[in-house]
Amino acid sequence: MKKIYTLLLLGGFLALLAQPTAAQLYDVRDGTVSFERKEREALKVQVDGTAQWLRDYWQAWLKDTYNIRLKGDGTFGVGKKDLLVAKQTPVSSVSGKLIDLYASVVAPADTVAELAVWATLGGNSFMSATQTPSEYAAMRTMVQSFAAAARIKAYRDQIAEAEKQVKDVEKEREKLEKNIQNLQANTTSNLARIETLQKQNVENTLKARQDSVKLITNAQQLELRKLRLERRRDRLTTLERK
């Protein structure tokens, strides 16, 4: 049991080590990607957000900043890649030549996505820190600019989501307060009705008792008057026989 507990602790510790720190997020670093059966040098950056969010913003940012339209479709998920490509596109800040720009997005964690960017000057001439240092450095600057924009975009989106959540909670609070007021008013009305009904019940009980006494008197009077009626009928019968 102790050994299992130790292994669980170790697993949790390793999982924490695998998570990117705040310093690692939005920091462009060198890496590699497997492309066309070879390892290619690539620039990588991790950001707050989902893979879909990163993919969409990378495409939008390139279009707005460099008028570059990427192509590529696929299904995202943790560990799954999707290739985005812009063939023979001008990027004057990176190179005076037309380049093939590639990018892929993965999701190493639920709330963290990673972008990898690499490029070729044509054919098999892939950019690298050693073979094309100036172009590679310029591409790093481009990716770092994107990372800075993505940080601001992520914060703005988070603020917008937080504001929405605040408004939703405020609406819920207002709804609950209104419900409480309505229930309290309804309760007050019901109590007033109950008090009125209780008074009415007391009056009804008293009236029923009074009517019960009158009913006894009424019964006595009824018997007496029936008796008088019977006597008068007997007298009339006697007179009619004479």
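Biologist: What counts as a salt bridge in this predicted model?
Modeller: The model is predicted. Two side chains are involved, one from Lys or Arg and one from Asp or Glu. A nitrogen of the former must lie within a set distance of a carboxyl oxygen of the latter. That cut-off is 4 Å.

Biologist: How many salt bridges does the structure hold?
Modeller: One of them joins the side chains of arginine 140 and aspartate 30, at 2.4 Å from N to O. The structure's total is 8.

Biologist: How many residues apart in sequence are the parts that arginine 140 and aspartate 30 tie together?
Modeller: Arginine 140 sits in helix 3, residues 133-241. Aspartate 30 sits in strand 1, residues 29-35. The pair therefore links parts separated in sequence by 110 residues.

Biologist: Is aspartate 30 buried, partly exposed or exposed?
Modeller: Buried means under 20% relative accessible area, and exposed means over 50%. Aspartate 30 has 49%. So aspartate 30 is partly exposed.

Biologist: Which residue is the bridge partner of aspartate 30 in strand 2?
Modeller: Strand 1 and strand 2 (residues 38-48) run antiparallel, joined by 7 bridges. Aspartate 30 has its partner in strand 2. That partner is leucine 43.

Biologist: Which residue in the turn between strand 1 and strand 2 has a positive phi?
Modeller: The two strands form a hairpin, with 2 residues between them.

Biologist: Which residue meets glutamate 36 in a salt bridge?
Modeller: The N to O distance is 3.9 Å, and the cut-off is 4 Å.

Biologist: What separates lysine 164 from aspartate 168 along helix 3?
Modeller: These two form a salt bridge, with their closest N and O atoms 3.1 Å apart. Lysine 164 is partly exposed at 46%, and aspartate 168 is partly exposed at 36%. They are 4 residues apart in helix 3, so the separation is about one helical turn.

Biologist: What span does helix 2 reach from its first C-alpha to its last?
Modeller: Helix 2 covers residues 51-66, which is 16 residues. At 1.5 Å a residue, 22 Å is expected. The computed span is close to that, at 22 Å.

Biologist: Which helix is included in what covers the buried residues of helix 2?
Modeller: The buried residues of helix 2 include Trp53, Tyr57 and Trp61. Among the strands in the cover are strand 2 and strand 5 (112-120). The helix in the cover is helix 3.

Notes: Residues numbered from 1 in each chain as written. Predicted model: local features only at pLDDT ≥ 70, side-chain atom pairs only at ≥ 80, totals over all residues. Heavy atoms only, no water. Buried < 20%, exposed > 50% of the residue type's maximum accessible area, 1.4 Å probe, protein only. Pairing = 2+ DSSP bridges. Expected span 1.5 Å × (residues − 1). Contact = heavy atoms within 4.5 Å.
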